[in-house]
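Have the structure open as you read.

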Amino acid sequence: MKKLDTLFVGFMLFSMFFGAGNLIFPPFLGAGSGTNYWLAMAGFVVTGVGLPIAVIFAVSLVKGGAQAMGNRVHPVFSTAFMVAVYLCIGPFLAIPRNANVAFEMGVTPFLGDSVNTALVLLLFSVVFFGLVYFISLNPTKMEKYMGRFIAPFLLLSMVVLLVVGFIKLDAPFQAPTEQYQSGAFFTGFLEGYNTMDALASLAFGIVILTAIQKRGVQGRKNVTGYMFKAALVAGVLLAAVYVGLGLLGARMAANGVFENGTDILSHTATLLLGNSGTALLGLIFTLACFTTVVGLTTACGHYFSKLLPRFSYKTVVLVVTLVGFTLSNLGLAQILRVSVPFLVTAYPLTIVLITLTFFSRYFSHSKAVYGWSISLTGVFAVLSGVAAFGLDLGPLQSLREALPLSSAGLEWVVPALVGTLVGLVHSKFSPGTQVAKGIVEKAS
């Protein structure tokens, strides 16, 4: 595969990753972290960039991809976890979130007070999801549409906004808000969850794999190498954009108090470029959200058509498109309310599963290690998710808060380590069951 092809596949992956959350959260982090910006952004990049790249790499290492990685815990866990991930990064959460943000930033600023916003959202959704459906039906052409045309134009638009911002905004960083006064790195680490890119990587892996194999690349080693290079291209671009957006937010903090990242970017674009800035920002959001929705729809189509062979890829894409279209008309606030509890539950499981995959050969792919580690991680990840919903955990809350790193939102780390150690001991004294190549087998 030519270097230029690798670059375009990397652009395609970047455009698939770069959606609503990638635009919204960095500037808000910058405004809140102030003088602790670089610490907070470092944490954000770890989970917002480093983890997605690690997931793509891990998926390429295991024959059978993400599903096979989950099988190392148990086939039931693998299917349940992957279905939950695909539904939430797909039609039930990320897809309607991106479509709604595209409308809020690309259309709403130009509507008058007397306009029926609900009706305009409905019409916008028809056009938006119609185009999504059309491009998703031709996954082999995604690299052409997204890698060669949309992604470069998106990057150019971002560069224009960032360069003008760095020239015109020179206010010093403000004092950090209470959230970032201590533990800024860990706060940024948790904020990186909101991009949902690590979860999306579990789904995007198959899309990138298909794009590379279509170019005649054969052999696991070669495919893995090209997937990693493409992921690295996307990661560098994401990190650069995150840092730029974060700096814009940090410099805009002197101009007032903002409710969220969209509020910061809206005021920034208007301040810097007037109505042209508002239009440019709307275009950036619309393109970013559109490419992400196409990527997620395609990934869902691949996964569910293989999981349920009676349903064709075209049928799954149609269903995903229709569900996303319906839920996007519920409004952004309702969609975002569900996201945080799910993310604080799913991310620890993903991090532990990926970490175990990289070190799997050192413990002979023991099913016991996977099972114990994921089980203990899962218990406290679920508790965190329940707490994020605002439900009272009673005595369990005291147990959760007593764990090391709980103040940083990482109370699952020690249980994960304990589970790994228990699994290692278990496998040492009961070495009968192991995992190889992503499939549970009996050790000979």
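## Pockets, a cavity and a salt bridge

In the second largest pocket, at least two lining residues come from each of α3 (37-61), α4 (65-71), α5 (75-89), α11 and α13. Helices here are DSSP runs of H or I with at least four residues, numbered from the N terminus. This is a predicted model, in which local features need pLDDT of at least 70 and side-chain atom pairs count only at pLDDT 80 or more, while totals for chains, interfaces and linings use all residues. Residues are numbered from 1 along each chain as its sequence is written, and side-chain values use heavy atoms, with hydrogens and water left out.

A pocket is an open set of points on a 1 Å grid over the protein atoms alone, with protein on both sides within 12 Å along at least five of seven lines; a cavity is a set where a 1.4 Å probe fits but cannot get out, and lining residues have an atom within 4 Å of a point. Each volume is the space filled by probe spheres set on the points, which are joined across faces, edges and corners.

| Largest pocket | about 570 Å³ | Phe25, Glu191, Asn194, Ser339, Val340 |

The largest pocket is lined by 23 residues. Two or more of them come from each of α2, α10 (184-191), α13, α15 (332-359) and α16 (367-388), and α15 gives the largest share, with seven residues. By class, this lining has 13 nonpolar, seven polar and three charged residues. Here Ala, Val, Leu, Ile, Met, Phe, Trp, Tyr, Cys and Pro count as nonpolar, Asp, Glu, Lys and Arg as charged, and the others, Gly among them, as polar.

How many cavities of 30 Å³ or more does a search of the whole structure find? There is one.

Now for the charges. Side chains of opposite charge can pair when their charged atoms come close. The structure holds one salt bridge, meaning a side-chain nitrogen of Lys or Arg within 4 Å of a carboxyl oxygen of Asp or Glu. Glu411 and Arg400 form this bridge, at 3.2 Å from N to O. Glu411 sits in the loop between α17 (395-402) and α18 (413-429), and Arg400 is in helix α17, eleven residues away.

Are these two residues buried or exposed? Glu411 is buried because its relative accessible area is 2%, and Arg400 also counts as buried, at 15%. Buried means under 20% relative accessible area, exposed over 50%, and partly exposed in between (1.4 Å probe, protein chains only).

Ala346, in helix α15, is buried too, with a relative accessible area of 3%. Val126 in helix α7 (residues 117-136) is partly exposed, at 48%.
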